[in-house]
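Look over the sequence and the model before reading on. The paragraphs below go through the structure step by step.

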Amino acid sequence: GDAATALTLADIARQAEPRLNPAVWDFIEGGAGDERTLAANRAAFDRIWLRPRVLTGSGVPRVGTTVLGRAWAAPFGIAPLAYHTLAHPDGELATVRAAGAAGIPVAVSTFAGRTFEEVAEAATAPVWLQVYCFLDRAITENLVRRAERAGFEALVLTVDTPHLGRRARDARNGFTLPPHVRPANLPSLDDISPAEHARARFDPALDWSVIDWLRSTSSLAVLVKGILTAADALRAVEAGVDGIVVSNHGGRQLDGVPPTLDVLPEIVTAVAGRCPVLLDGGIRRGTDVLVALALGADAVLVGRPVLHGLAIGGQDGVAQVLDTLRAELADAMSLAGVAAVDRAGPDLVTAAGPRLR
Ligand code: FNR
């Protein structure tokens, strides 16, 4: 059947498309503006070549790692994605079950389609809460407290979204959520007065003091997601964050920003080991993971492929995505002579074109 013929994440995406409503597919796949940044995230990996070392005696590669004191079975986790229930009715429950079996963490969106309590109950690997800050801080505070009480282990504050980017596909499709898909952890707009609706919007004027505010609300580790410059990475370290996610939101926010892979080295240099640096955007092959590690990422996050997995087979489909990526990474490490993920360094890669010098 289908599953046997899907050998790569690209195969899984091709199988997912006809299973989803076209407007839902566009919502998942699309980006902001002309989708330049969306395309660039992928193209950046195609400009890098691997420089394998031979006869290294390295044996079976060790793909596990440790991030924020927790063991990950592979150096990738699942990026926060709104409404997994768009792709499969089990939604985030299927995702955390597959991630638990694979031994990798999941960042659960503020806009999850299932409740934090049921997600935590189904999880056997770390779950993190992705935080959007609403004008009404009490809404955000409530989400953070609930997630912490349920056993979530970290907060990932998304800092590239003072408002949602302009996504032409969604505007053209007049995209709205199907009736069975709801933000399960937010008070329904029907339950609050029209006057309060505005306060359920994102705060468009956040500044760095939000980090201290989060710390006053919760004892969980705080990561910031959406850093694209060395200057902001330094500012984040000064603000005392526990981790940085180099991200352009999968090309869904400001179109025209660089691909994440291109800005990774300057950010890694600026951070200088003071906190973990993660990257997301365009990770579709094991070699992409290896290249990001070589350029200094401690781990990466995977976005859209997880929704493709959900669409083709719920928990099993997500498991197939994660297993494929892990197998490809192990293959690449073995063939490149990389014994363990912390051995991947800048010597492992080169930009396309002849090396002159
Ligand atoms: C996202 N992303 C996202 N990010 C976030 O911080 N909160 C969210 O709720 C969402 N929701 C969301 C929905 C969908 C459908 C997509 C595709 C993306 C962004 C996500 O975390 C991540 O940055 C990108 O998806 C990574 O790029 P790839 O792996 O999809 O190329």
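Two residues are in contact if their C-beta atoms, placed from the backbone, lie within 7 Å. With that in mind, take Ile-244. The model used here is a predicted one. In it, leaving out neighbours within four places in sequence, Ile-244 is in contact with Leu-223, Val-224, Ile-227, Ala-233, Ala-236, Ile-267, Val-271, Cys-275, Val-277 and Leu-278. Is Ile-244 buried or exposed? A residue counts as buried if 20 or more other C-beta atoms lie within 10 Å of its own. Ile-244 has 27 such neighbours inside 10 Å, so it counts as buried.

Ile-244 belongs to strand β9, which runs over residues 243-246. Both faces of β9 are covered. Strand β9 pairs with strand β8 (residues 221-227) in the parallel sense, over four bridges. In this pairing, Ile-227 stands opposite Val-246. Strand β8 is itself mostly covered, with six of its seven residues buried. Strand β8 also pairs with strand β7 (residues 154-158), again in the parallel sense, over five bridges. Here Val-156 stands opposite Leu-223 of β8.

What is the view at the level of the whole protein? The protein has 14 helices and 12 strands. Its radius of gyration is 20 Å, close to the 21 Å that the globule rule gives for 357 residues, so the protein is as compact as a globular protein of that length. Along its principal axes, the C-alpha trace spans about 70 × 50 × 40 Å. Of the 357 residues, 49% count as buried. Contacts between residues at least 6 apart in sequence can be sorted by how far apart along the chain the partners are: 73% of these contacts join residues at least 24 apart.

How many residues does the largest nonpolar core have? The number is 109, and those with the most contacts inside this core are Ile-244, Val-246, Ile-267 and Val-300. Helix α14 (residues 304-336) supplies the largest share of the core, 13 residues. Val-300 touches Pro-75, Phe-76, Leu-278, Leu-279, Asp-280, Ile-283, Val-289 and Ala-292, when residues up to four places away in sequence are not counted.

Next comes a helix, α5 (residues 92-102). Nine of its 11 residues are buried, so α5 is largely enclosed by the rest of the structure. The buried ones are Glu-92, Leu-93, Ala-94, Thr-95, Val-96, Arg-97, Ala-98, Ala-99 and Ala-102. What covers them? The covering elements include β4 (76-78), β5 (106-108), α6 (116-122), β6 (127-131) and α14. Just after α5, Gly-103 takes a positive phi of about 75 degrees.

Asp-288 sits in helix α13 (residues 286-294). It has 28 C-beta neighbours inside 10 Å and therefore counts as buried. Apart from neighbours within four places in sequence, Asp-288 is in contact with Phe-45, Gly-282 and Ile-283. Asp-288 and Glu-328 are 40 residues apart along the chain, and their C-alpha atoms are separated by 9.7 Å. Arg-172, in contrast, lies in helix α8 (residues 168-173). Arg-172 has 11, so it is exposed. The C-alpha atoms of Arg-172 and Ala-198, which are 26 residues apart along the chain, are separated by 25 Å.

The last stop is the ligand. Which residues are closest to the ligand? They are Ala-79, Ser-109, Thr-158, Gly-250 and Gly-303, out of 22 residues that surround the ligand. By class, this shell has eight nonpolar, 10 polar and four charged residues.

Notes: Residues are numbered from 1 along each chain as its sequence is written. This is a predicted model: local features need pLDDT of at least 70, side-chain atom pairs count only at pLDDT 80 or more; totals for chains, interfaces and linings use all residues. A residue is near a molecule or strand if its C-beta atom, placed from the backbone, lies within 6 Å of it. Ala, Val, Leu, Ile, Met, Phe, Trp, Tyr, Cys and Pro count as nonpolar, Asp, Glu, Lys and Arg as charged, and the others, Gly among them, as polar. A nonpolar core is a set of buried Ala, Val, Leu, Ile, Met, Phe, Trp, Tyr and Cys residues joined through C-beta atoms within 7 Å. A residue is buried if 20 or more other C-beta atoms lie within 10 Å of its own, exposed if 12 or fewer, and partly exposed in between; C-beta atoms are placed from the backbone. Helices (H or I, at least four residues) and strands (E, at least two) are DSSP runs, numbered from the N terminus. The radius of gyration is taken over C-alpha atoms; the globule rule is 2.2 Å times the number of residues to the power 0.38. Two strands pair if DSSP finds at least two bridges between them.
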